[in-house]
Amino acid sequence: MFSILQTIWNVFLHMFHRRVTVQYPEEKPYLAPRYRGRIILSRDPDGGERCVACYLCAAVCPVDCIALQATEDSSGRRYPDFFRINFSRCIFCGFCEDACPTYAIQLTPDFEMGEYHRPNLVYEKEDLLINGPGKYPGYNFWRVCGVQIDGKGKGESEREAAPADVHTLLP
Amino acid sequence: MMVSPYPIATIFGVLIVALTIAAGLIWLERRLLALWQDRYGPNRVGPFGLMQVMADMIKIFFKEDWIPPFADKTVFVLAPAIIMVTVLMSFAVLPIAPGIVVADLNVGLLFILAMSSLGVYSVVLAGWSSDNKYSLLGALRAAAQMLSYEVFMGLSLMGVVLLAGSFNLVQIIDAQRGLWFVIPQFLGFVLFLIAGVAETRRLPFDLPEAESELVAGYHSEYSGMKFGMFFVGEYLGVTLISALISIFFFGGWLGPILPPIVWFLLKTFFFVCFFILLRASLPRPRFDQLMAWGWKVMLPLAIVNLLVTGAIVLATA
């Protein structure tokens, strides 16, 4: 009997507690930098596309919402001909970001992407590409990888030794 | 005989105010529940979310008025009307302020008890005519609960009647000029409060509709405005019981400085809020606990209260 009265009193005291509701459109919630929201494609510090169209993101995507086609430019750099993410399927799991070998695909703390028409949720490459390096400011894949492209021969990457001359290794 | 426009104005005034309050209570309840659960509740539509009620009302009026093919149609349609009519009839004898009462009945208290007994029919018939096992279970529970709690609801008020020496609500209020009956009749007040919650089937005692067990109990099959009538009937019942508590135990319109009608509304409002607080804090008892509580605790207490009050009245007379 006493506990019933105490319950009523304790609930009454909640009148003076702070409300936990976040009044969303007026009051934006804090989202951590690593929040998994809208997906973007980042660029190198010097402005080139980071994506090398390796298909790892499309392969790992559990809902198959990423579609792309690899191609190669005249300098020997691979890049996606088109890159399409269907956000009406995306579950924002972040596996694509994990799988990406070049830090090209990244998830951002933005979730306000509602649309009235479902086709508008299909983002093309020009919708995904941003003009910056995203979370990894200094990283440039083509500067550290061993692949030869125009303007950077074998052994000219950062922290890469010159290729061994196999003729000098002969016994 | 000429009928002066004054009683007509009172009738329509009470009717419109009662229905408006019942609709407003939906908003009040949602806001207060939210407040006690550290939320906001409806606060988007209009100032403080008040227009939410309007939006919901417009929506419910345009809903399909569907009757299940297996239902007993006549009774099914009639049942929600009964609850509205009985509760609104009880409002007729409520004295709101000196001179503002629709029908100043000499047996006002008995009339209210009779009307609340008739309200059981609404629930039982609704459950029966729905031809649905959950509805029927809800109706059975409602019948048992309301009949049991009515017994000591009446008995708990007899102490007030003994002290006031009248069944007339206006005279009961006048008898409280010196001292509110809540002090000599505190036990009666507590008993009436609990019985009132059970009679309106509000939350600690909402076993007839127990949504976690019986879908929605006796109104499972109702939709649209017919459900709306049950809903409004429930809130009218809450208003009625709150008004009755303030009339029987807290001196109705009596109070200093403020005009009588304001005092009456303030007291009623206080108890409405208390009803909502009960809903926010208490869980539902088991049905056998409910019956045992009613027959083994409340009824003996009500009888003891009546006997002791009667003895005291007799001794001092």
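1. B:Phe48 has a positive phi of about 55° although it is not a glycine. Its place is in the loop between helix H1 (5-36) and helix H2 (51-61) of chain B.

2. Before going on, please keep in mind that this is a predicted model, in which local features need pLDDT of at least 70 and side-chain atom pairs count only at pLDDT 80 or more, while totals for chains, interfaces and linings use all residues. Residues are numbered from 1 along each chain as its sequence is written, and chains are lettered from A and ligands numbered from 1 in the order in which they are written.

3. A:Asp64 is exposed, because 10 other C-beta atoms lie within 10 Å.

4. Chain B has 11 helices and 0 strands (DSSP runs numbered from the N terminus: H or I of at least four residues for helices, E of at least two for strands). The C-alpha trace of chain B spans about 60 × 50 × 45 Å along its principal axes. Its radius of gyration is 20 Å, which agrees with the value near 20 Å for a compact globule of 317 residues; the radius is taken over C-alpha atoms, and the rule is 2.2 Å times the number of residues to the power 0.38. Of the 317 residues of chain B, 43% count as buried.

5. The largest nonpolar core has 78 residues, and B:Phe152, B:Leu244 and B:Phe248 are among those with the most contacts inside it. Helix H9 (residues 224-249) of chain B gives the most to this core, with 15 residues. Such a core is a set of buried Ala, Val, Leu, Ile, Met, Phe, Trp, Tyr and Cys residues joined through C-beta atoms within 7 Å. A second, separate core of 21 residues includes A:Ile39 and A:Tyr123.

6. Finally, the interface: 11 residues from chain A and 11 residues from chain B take part in the contact, where two residues are in contact if their C-beta atoms, placed from the backbone, lie within 7 Å.

Conventions. A residue is buried if 20 or more other C-beta atoms lie within 10 Å of its own, exposed if 12 or fewer, and partly exposed in between; C-beta atoms are placed from the backbone.
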